Amino acid sequence: MESVAAEGDGGVPTAATPRAAVADDLVVDEALVRTLLAEQLPHLQDLPLRPVEHAGNDHHMLRLGDDLCVRLPAAPHAVPQTAKEQVWLPLLGPRLPLPVPAVRGVGRPSPRFPAPWTVLGWLAGQPAAVVGVEDPVALAEDLAAFLVALRGVDPTGGPRPGPHSAFRGAPLDQGDDEVRALLYRLHGRERDRATGLWGDALEARATDEPCWFHGDVSTHNLLVRDGRLVAVVDLGLAGVGDPACDTVLLWTRLHGAARDAYREGLALDEATWARGRGWALWKALVMLTNRPPGQAELARHVLDELFAGV
């Protein structure tokens, strides 16, 4: 687990302003991207470039023409995510019931940008975190069906959990020391309850064979159009391991009948849900003292849901 940022909810930039990339002295902007295109993908160099709103924290994104976008890692930890997506998105996409980003061009590390980068197909829609959802039950059902299909893809040769996935999909005990330290952000009865939840999660060992997981199931990575879920994006943390990390949306964003639909649709055993509560607890503890707007509030909400026994 990595506690630098809890991906997905809160603190997401609203516009693709130039900022530091994989090297401290390198700024990603339109001029750099156009130069990279001219050097490596010259057939795309004359297409219009413009910023992408809600691009996230780990990658820079610029829209390229009407049908493409350029995605570049924004920090060293995101570099292996990019390389992984270039290999696996073309294999996963045709096997899933909702669109995921399609690789349309592969950029190589170069003196101008020392990391791989990708041209992806543009997927129309807005993040559910931004526009909301008219029918949250339908979204929960559609998302669960997507994740079940993802779990069903042949995992042979797929990337096992590690730094590339921020250890999503790994056994929870690899993060035990971190969580034990984070528990001191709580006090009294809350710390006792959180310690019990964590202990239960550790005891609920995975017994099924490793399968594909998304790793960052959040409303920022669910694209909505006309009120319905139309695509799932950002598979940078995906891998082959324990899918318990993909349950966390139950406590972060779902309520009532939508929560029930998600739980039923995922068709996971109780041990997996127990480990999912461990992932949700970790996420909440990480965000509890974060400064980006909304993260501490979301952390408080998740803790309340967990302590209510949801």
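Predicted model: local features only at pLDDT ≥ 70, side-chain atom pairs only at ≥ 80, totals over all residues.

Visitor: Where is Asp226 placed?
Guide: Asp226 is in the loop between β10 and β11. These two strands form a hairpin with two residues between them.

Visitor: What is noted about the phi of Asp226?
Guide: Phi of Asp226 is positive, about 55°, although the residue is not a glycine. Most residues other than glycine have a negative phi. Asp234 is another residue other than glycine with a positive phi, near 55°.

Visitor: Where is Asp234, and why is it called buried or exposed?
Guide: Asp234 lies in the loop between β11 and β12 (239-241). Its relative accessible area is 19%. Buried means under 20%, so Asp234 is buried.

Visitor: How do you know that β10 and β11 pair?
Guide: Two strands pair if there are at least two bridges between them. β10 and β11 have four bridges, in the antiparallel sense. Leu222 stands opposite Val232 in β11.

Visitor: How do you know that β8 pairs with β10?
Guide: Two bridges join β8 to strand β10 (residues 222-225), and the pairing is antiparallel. At least two are needed, so the pair qualifies. Gln126 stands opposite Val224 in β10.

Visitor: What makes β8 and β11 edge strands?
Guide: The open sheet has three strands in the order β8-β10-β11. β8 (126-127) and β11 (228-232) each have a single partner strand, so one side of each is left without a neighbour in the sheet. Helix α4 packs on this sheet and touches β10 and β11, its direction making about 30° with that of β11.

Visitor: Why is β11 described as largely enclosed?
Guide: Four of the five residues of β11 are buried, so the strand is largely enclosed by the rest of the structure.

Visitor: Which residues does Asp142 touch beyond its sequence neighbours?
Guide: Leaving aside neighbours within four places in sequence, Asp142 is in contact with Leu98, Arg228 and Leu229. The C-alpha atoms of Asp142 and Val230 are 9.1 Å apart, although 88 residues separate the two along the chain.

Visitor: What makes Trp279 and Trp282 an aromatic pair, and of which kind?
Guide: Ring centres must lie within 6.5 Å, and theirs are 6.0 Å apart. Planes over 60 degrees apart count as edge-to-face, and these stand at 90°, so the pair is edge-to-face. Trp279 and Trp282 both lie in helix α9 (residues 270-287), about one turn of the helix apart. Both are buried.

Visitor: How do you know that the charge of Arg263 sits near a ring?
Guide: The charged end of Arg263 sits over the ring of Trp273, 4.5 Å from its centre. The distance limit is 6 Å.

Visitor: Which residues touch the most other members of the largest nonpolar core?
Guide: The core has 68 residues, and Leu92, Leu143, Leu147, Leu222, Tyr262 and Leu281 touch the most other members. Helix α9 gives the most to this core, with nine residues. Apart from it lies another core, of 18 residues, including Leu37 and Leu41.

Key: Residues numbered from 1 in each chain as written. Heavy atoms only, no water. Contact = heavy atoms within 4.5 Å. Phe/Tyr/Trp six-rings, centres within 6.5 Å; stacked < 30°, edge-to-face > 60°. Buried < 20%, exposed > 50% of the residue type's maximum accessible area, 1.4 Å probe, protein only. Lys NZ or Arg CZ within 6 Å of the ring centre and 35° of its normal. Core = buried A, V, L, I, M, F, W, Y, C linked by side-chain atoms within 4.5 Å. Axes fitted to C-alpha atoms, helices over the stretch in contact; angles between N-to-C directions.
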